[in-house]
Amino acid sequence: MSIWLVVGLLLFLGVHSLGMLAPGWRTAMISRLGVNGWKGVYSLLSLVGLVLIVIGYRAARADAVLLYAPPLWTRHLAALLMLPAFVLLVASKYVTGTWLKARVGHPMVLGTKVWALAHLLANGMLADVVLFGSFGLWAVLLYVHSRREDRRQGRSYPARGWQRDALAWVIGAVVWAVFAFWLHGWLFGVRPLG
């Protein structure tokens, strides 16, 4: 197991957990640095964490440790599960006013849970379990926290008509197809759908 993968995950997910784990400290840092200063530090730490995750994951895959051997059909299930994951991602910020956003509140976090589950079903190496399991656990905890905060603050996300959801599904399906048929293979060396 690569230490860089673990450090990258701690840094990336840690930065993305500050609102949940240390909201007072986060608020104090925003006051001290200003919104743009905070966004700069947040983005830089996130980028460093992401780079370390990529470096560490590649190194860990070179020293592969098999934990379980998923059956071939789980690859097809994972590819299918990625369709709603992409739709949820699109409905999070890119197409506003969707019923999906109104219903689930935090579609990007829910999409991350689906992404992690799909990849855990289809990949059984130690590096896969550490990477996707970490993101999955983080997404579960953040989703529960975020929904609890929504209820506590009386926050809701109004929908503006089914057309917004249709648009999110169309865009999500197109991005899913491009990623499944071409980009995933180009970026990661695995072509989920040929």
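**Aromatic pairs, core and histidines**

A: In this predicted model, ring pairs join Phe12, Tyr57, Trp115, Phe132, Phe135 and Trp138 into a cluster.

Q: How many aromatic pairs does the structure hold?
A: There are ten aromatic pairs. One of them is Trp25 with Trp38, an edge-to-face pair with 6.2 Å centre to centre and 75° between the planes.

Q: Which pair does Trp38 form with Tyr42, and what are its numbers?
A: Trp38 and Tyr42 form a tilted pair, at 6.0 Å centre to centre and 50° between the planes.

Q: Where do Trp38 and Tyr42 lie?
A: Both are in helix 3, residues 23-62. They are four residues apart, about one turn of the helix.

Q: Is Trp38 buried or exposed?
A: Trp38 has a relative accessible area of 7%, so it counts as buried.

Q: And what about Trp25 and Tyr42, how do they count?
A: Trp25 is partly exposed, because its relative accessibility is 46%. Tyr42 is also partly exposed, at 26% relative accessibility.

Q: What does Trp138 touch, sequence neighbours aside?
A: Not counting residues up to four places away in sequence, Trp138 touches Leu13, His16, Ser17 and Thr112.

Q: How many residues apart in sequence are Trp138 and Leu13?
A: They are 125 residues apart in sequence, while their C-alpha atoms are 7.2 Å apart in space.

Q: New topic, the core. How many residues has the largest nonpolar core?
A: The largest nonpolar core has 36 residues. Leu5, Leu9, Ile53, Leu131 and Phe135 have the most contacts inside it.

Q: Which elements give two or more residues to this core?
A: Those are helix 1 (3-15), helix 3, helix 4 (73-94), helix 5 (99-104), helix 6 (107-122), helix 7 (126-153) and helix 8.

Q: Where does the largest share come from?
A: Helix 4 gives the largest share of this core, with nine residues.

Q: Take Leu9. What is Leu9 in contact with?
A: Leaving aside neighbours within four places in sequence, Leu9 is in contact with Gly14, Ile53, Val130, Leu131, Ser134 and Phe135. Ile53, Leu131 and Phe135 are also among the residues with the most contacts inside the core.

Q: Now the histidines. Where is His106 found?
A: His106 is in the loop between helix 5 and helix 6.

Q: Is His106 buried or exposed?
A: His106 counts as buried, because its relative accessible area is 16%.

Q: What does His106 touch?
A: With residues up to four places away in sequence left out, His106 touches Tyr143, Ser146, Arg147, Asp150 and Tyr157. The side chains of His106 and Asp150 are joined by a polar contact of 2.7 Å.

Q: What sits over the ring of Tyr157?
A: The charged end of Lys101 does, 4.5 Å from the centre of the ring.

Q: How about His184, where does it lie?
A: His184 lies in helix 8, residues 162-188. His184 is buried, because its relative accessibility is 14%.

Q: Which backbone oxygen lies 2.7 Å from a polar atom of the His184 side chain?
A: The backbone oxygen of Val190. Val190 is also one of the residues that His184 touches, along with His119, Phe179, Gly189 and Pro192, when residues up to four places away in sequence are not counted.

Q: Last, the whole chain. How many helices and strands does the secondary structure come to?
A: The protein chain has eight helices and zero strands.

Q: What is the radius of gyration, against the globule rule?
A: The radius of gyration is 18 Å, close to the 16 Å that the globule rule gives for 194 residues, so the chain is as compact as a globular protein of that length. Along the principal axes, the C-alpha atoms fill a box of roughly 45 × 40 × 25 Å.

Q: What share of the residues count as buried?
A: Of the 194 residues, 37% count as buried.

Q: And which contacts do residues 24 or more positions apart account for?
A: They account for 75% of the contacts in the protein chain with a separation of 6 or more.

Conventions: Residues are numbered from 1 along each chain as its sequence is written. This is a predicted model: local features need pLDDT of at least 70, side-chain atom pairs count only at pLDDT 80 or more; totals for chains, interfaces and linings use all residues. Side-chain values use heavy atoms; hydrogens and water are left out. Rings of Phe, Tyr and Trp (its six-membered ring) pair if their centres lie within 6.5 Å; planes under 30 degrees apart count as stacked, over 60 as edge-to-face and the rest as tilted. Buried means under 20% relative accessible area, exposed over 50%, partly exposed in between (1.4 Å probe, protein chains only). A charge sits over a ring if NZ of Lys or CZ of Arg is within 6 Å of the ring centre and within 35 degrees of the ring normal. A polar contact is a pair of N or O atoms within 3.5 Å; within protein, one must be able to donate a hydrogen and the other to accept it, and residues adjacent in sequence count only if both atoms are side-chain atoms. Contact means heavy atoms within 4.5 Å. A nonpolar core is a set of buried Ala, Val, Leu, Ile, Met, Phe, Trp, Tyr and Cys residues joined through side-chain atoms within 4.5 Å. The radius of gyration is taken over C-alpha atoms; the globule rule is 2.2 Å times the number of residues to the power 0.38.
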